[in-house]
Amino acid sequence: MVADTKAWKSRFIYQAMTDRFARTDGSTTHACNTTARLYCGGTWRRMIDRLDYIQGMGIDAVMVSPIVENVEGRASYGEAYHGYWIQDMYALNPHFGSREGLPDLSKALHYRGMFLMMDTVIDNIAYITNGTSPEGNINFTRLYPFNDPKYFHSYYKVMDYDDYPLAQKC
């Protein structure tokens with residue numbers, strides 16, 4: 001079922017970072033070192049177990065982290081626990097659960113009369129360079145479907161993110 005704009009306008013949307021919100025250990029209090037920026041183990045299936053909590057606040061729509069496969073590995077600033085380091089736009093992020101977990105979450109939400117919104121990243125793909133310059137050090141064949149340098153702008157290192165026009169260009 002796809003809702004139109006009119007159907008969404010009256011919804012209260014709860015944005016849940018999948019990895020942080022519904023951890024496989026079931027804990028809501030056990031420490032997850034968020035400052036390390038590493039995966040903590042949340043999944044779509046575990047979100048189903050937390051729907052009473054969400055719905056109890058009067059929420060009737062849930063937005064989950066981007067669902068597609070992200071770059072594996074750790075950079076100096078962490079892992080892709082947030083879902084925004086896209087590597088393959090046609091595969092699911094295995095850290096967030098099985099192929100069945102996402103449709104099961106959707107069914108559970110719809111059974112309750114709730115909507116599911118999936119955050120989507122369409123403007124970037126990520127690659128971990130381990131400290132080397134991205135220029136000339138990216139294996140584009142690992143990115144899908146944009147697996148060739150022809151799909152990307154030339155590399156330019158942004159030195160000043162407060163220079164908005166320059167940051168946008170690069």
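Start with the aromatics: Y14, F21 and Y53 form one aromatic cluster. Rings of Phe, Tyr and Trp (its six-membered ring) pair here if their centres lie within 6.5 Å; under 30 degrees between planes is stacked, over 60 is edge-to-face, and the rest is tilted.

A word on the source. This is a predicted model, where local features need pLDDT of at least 70, side-chain atom pairs count only at pLDDT 80 or more, and totals for chains, interfaces and linings use all residues. Residues are numbered from 1 along each chain as its sequence is written, and side-chain values use heavy atoms, with hydrogens and water left out.

Back to the rings. The whole structure holds eight aromatic pairs. One of them is F21 with Y53: tilted, 6.3 Å centre to centre, 35 degrees between the planes. F21 sits in helix α2 and Y53 in helix α4, so this pair ties together parts 32 residues apart in sequence. Helices are DSSP runs of H or I, at least four residues, and strands are runs of E, at least two, numbered from the N terminus.

Buried or exposed: which is F21? Buried, at 11% relative accessibility. Y53 is partly exposed, at 42%. The cut-offs: buried is under 20% relative accessible area, exposed is over 50%, partly exposed is in between, with a 1.4 Å probe and protein chains only.

Next pair: Y90 and Y144. Their ring centres are 5.4 Å apart and the planes stand at 65 degrees, so the pair is edge-to-face. Y90 is in strand β4 (residues 86–92), Y144 in the loop between β5 and α6, 54 residues apart. Y90 is exposed at 63%. Y144 is partly exposed at 40%.

Two arginines also meet rings. The charged end of R50 sits over the ring of Y53, 5.1 Å from its centre. R20 lies over the face of Y81, at 3.8 Å from the ring centre. The test: NZ of Lys or CZ of Arg within 6 Å of the ring centre and within 35 degrees of the ring normal.

Beyond four places in sequence, F21 touches Y14, A16, M47, R50, Y53 and I54.

F21 also belongs to the largest nonpolar core, 33 residues in total; F21, M47, I54, V62, V64, L105 and L109 touch the most other members. At least two residues each come from β1, α3, α4 (51–56), β2 and α5. The largest share is four residues, from α5. Such a core is a set of buried Ala, Val, Leu, Ile, Met, Phe, Trp, Tyr and Cys residues joined through side-chain atoms within 4.5 Å.

Now the sheet. Three strands form an open sheet, order β1-β2-β5, parallel pairing. β1 (13–16) and β5 are the edges, each with a single partner strand, so one side of each has no neighbour in the sheet. Neighbouring strands are turned by 25 degrees against each other on average, direction ignored. Two strands pair if DSSP finds at least two bridges between them; β2 (residues 61–64) and β5 have four. M63 bridges to M117 in β5.

Helix α5 (residues 101–111) lies across β2 and β5, at about 140 degrees to β5. Axes are lines fitted to C-alpha atoms, for helices over the stretch in contact; angles run from 0 to 180 degrees between N-to-C directions.

Last, two loop threonines. T24, between α2 (18–21) and α3 (44–48), is exposed at 51%. T129, between β5 (115–118) and α6 (164–169), is buried at 18%.

Conventions. Contact = heavy atoms within 4.5 Å.
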